[in-house]
Amino acid sequence: MNEKAEELNRVEKKDLFGSGHRACGGCGQALAARLVHDAAGENTIACVATGCLEVFSSPYPDPCWRIPFLHSLFENPAAVASGVEAAYKALKKGPVNIIAQAGDGSTADIGFQCISGMFERGHNVLYVCYDNEAYMNTGVQRSSFTPYGAWTSTTPMGNPTRKKNLPLIAADHGIPYVATATVDDFRDLQRKVKTALSIEGPKYIHILVPCPLGWGHPGELTVKICRLAKDTGLFPIFEIIDGKVTNVKKIPVKVPVEEYLKPQGRFRFLFKKGVPTEKVAEIQEIANQNIERFNL
Amino acid sequence: MLKQIEGSQAVADVVALCRPNVISAYPITPQTHIVEDLSVIVGQGKLDAEFVNVESEFSAASVVLGASAAGARAYTATSSQGLLLMAEVIYCIAGMRLPIVLTCANRAISAPLSIWNDQQDSMAVRDAGWIQLFAEDNQEAADLHIQAYKIAEQTFLPVMVCMDGFILTHAFEPVDIPEQKEVDDFLPPFKPRHIVDPRWPRGIGLYADPRFYMETRYILHRAMEKSEKTIKEVSADFAKTFGRDSGGFIKTYKLEDADVAIVSMGSVVGTIKDLIDQLEEEGKKVGLLQICSYRPFPRQEIYNVLKDKMNIVVLEKCISLGRGGILASDIRWSFPRAEKKDRNISSFIAGLGGRNITVDDLRHMVERIEKEPVELEFLGLKKELIADKDL
Ligand SMILES: Cc1ncc(C[n+]2csc(CCOP(=O)(O)OP(=O)(O)O)c2C)c(N)n1
Ligand SMILES: [Mg+2]
């Protein structure tokens, strides 16, 4: 392996998103935040949205960040990061990694306009979405990333709509780099962060982060559930470089969606006495479509 | 140099002389010309700044927030719906003590949609922790921006310079635009306190639980109160350097021996002064108290100049619906309780949605309050347009 590839594939542990945060045990988002910032390194500014990440990492006077951290509101980290980037340019400072980051609710719903603006204007910012498929900080309400059929506190009969596909929408802005990742594969996630940060312009990384509390699974299953999300085809792993889908992660052995759904409380009511209802077949169909579309 | 220019151009020219590093704004009438003019100045390379063309006022405010937190001198401008869309960020900027300067080209608020002038927009965010300075004319509007940066960067409070939409922004008047060197001498480079920079890793914008939140608001309130000193000093310093009075806390016109005191702010004071001169010729003593700094509110100054006035009338281009005059409440509050009894403080709402305020309207107002105090009246209201059931 040459030096660059070696560096890209090295798993970094620097504790820049340090210990002492107050996330629940098994929180996928806390793990993702650590991996993202350790990959990015010290020369990084984190622009964070209101949400679980902000709340469990930055109470006054004990934030757990060892890199500069900027939080203002729920829906504006992309615009705030645009401003930080503009300031660095104007003051002729840098280079510096600027990472705007938010949950799925901030990203897909209320902050969507700010993100689109940041992509379209071409700021040199990496946007990371921690997708736990609901508004967790306010108690598990539905977002437009909530998957079909899932229970949330505002979809008590199961979410009637499908997940918005932001990676593809992001790519359609013409940005140079888009990737999806999960927290079970440290090397892959960190390689994507490093790759993104080596590219000039706006970048988008979408990370699936299981939430034991909101999804209703034991904390120790977080990593396993990520694997199942991938192996069922429900969460495809790929990169989009300059508009072309590449590096699609092939599923070694395809797993029926039931195995992903069953350990999670939010899907429990899709099974009547252990027997899958019609909705499970519909979810299987979504997985099949992904498998076909991305050639998983 | 004296130039015959549009108010917006004057503001853009002067803002450029303040050398902001980052400018971000979104078009809305009547603010638009200011940022158009600035984009030309930046585009022609006359100002070395980043001009960020955003997709909304919400993002404009967020961009300048981020830029300021990264150590840049930042500028934005807006009006009306734009300011309301920014509202969440406006509060945040103040809470984070970021010394941003914003021009509010004052305009009415929907619904019904109206692009014309009044001051309901800046009033809607009066409690946000921003210093609010109201300009009388275009010279003052221009001058206030130079002062605004100095005040903001000394106090770490954001400053909103309010100028009446159209009446000022679109009016061509002679305005003295200072030389770059004069502004550079007056306004030192921005020295930020806390910035996001990997060399000094620290967090900005942590959340505060009930053990800590209240103190942050107390400190912000005290900072607003204490900014009085800075506002006055900067205005005095400005007068010394540039040879003209602008800004400060309050201004008066023929108030000292007046029997009737009119209190107001913004461009309408020009019309009020005309009336005062006319009435003087007719043998009536009417004076003006002009509020320049609306926030912080110059309570003590107001008391000092009004304490002997028994007949006061407040004229304002805004209203707290269901409550009445906003400035009027502030003025009524400026006197100790025991003193209020025989003092008449009348309240007139005027000019909403760009309704003209004429000298005759104002004359009618003074005549009305000479007869009896007026709790609340809409000046120039067309009763014939209102159905009986709505009266
Ligand atoms: C303008 C505004 N609306 C609503 C909220 C309340 N709020 C705070 S965090 C949050 C949910 C966050 O969800 P998400 O972005 O998915 O992040 P998560 O907490 O799930 O990580 C909501 C609704 C807010 N802070 N601001
Ligand atoms: Mg979420």
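## A tryptophan and its partner

Trp333(B) has a relative accessible area of 43%, so Trp333(B) is partly exposed (buried is under 20% relative accessible area, exposed over 50%, partly exposed in between, with a 1.4 Å probe and protein chains only). Phe297(B), at 14% relative accessibility, counts as buried.

This is a predicted model, in which local features need pLDDT of at least 70, side-chain atom pairs count only at pLDDT 80 or more, and totals for chains, interfaces and linings use all residues. Residues are numbered from 1 along each chain as its sequence is written, chains are lettered from A and ligands numbered from 1 in the order in which they are written, and side-chain values use heavy atoms, with hydrogens and water left out.

## Aromatic pairs

Over all chains, a search of the whole structure finds 16 aromatic pairs. Rings of Phe, Tyr and Trp (its six-membered ring) pair if their centres lie within 6.5 Å; planes under 30 degrees apart count as stacked, over 60 as edge-to-face and the rest as tilted. Phe238(B) and Phe242(B) are stacked, at 4.3 Å centre to centre and 25 degrees between the planes. Both lie in helix 8 (residues 213-242) of chain B, four residues apart, about one turn of the helix, and both are buried. Helices (H or I, at least four residues) and strands (E, at least two) are DSSP runs, numbered from the N terminus.

The pair of Phe297(B) and Trp333(B) is tilted, because the ring centres are 6.1 Å apart and the planes at 50 degrees. Phe297(B) is in the loop between strand 13 (293-295) and helix 10 (299-306) of chain B, and Trp333(B) is in helix 11 (residues 326-333) of chain B, so the pair ties together parts that are 36 residues apart in sequence. In chain A, Phe17(A), Phe56(A), Trp65(A) and Phe69(A) form one aromatic cluster.

## Charges over rings

A charge sits over a ring if NZ of Lys or CZ of Arg is within 6 Å of the ring centre and within 35 degrees of the ring normal. Lys93(A) has its charged end over the ring of Tyr88(A), 4.8 Å from the ring centre. Arg295(B) lies over the face of Tyr294(B), 4.3 Å from the ring centre.

## Contact between the chains

The contact (heavy atoms within 4.5 Å) takes 40 residues from chain A and 37 residues from chain B. There are four salt bridges between chain A and chain B, a salt bridge being a side-chain nitrogen of Lys or Arg within 4 Å of a carboxyl oxygen of Asp or Glu. Arg121(A) forms a salt bridge with Glu55(B), with the closest N and O atoms 2.8 Å apart.
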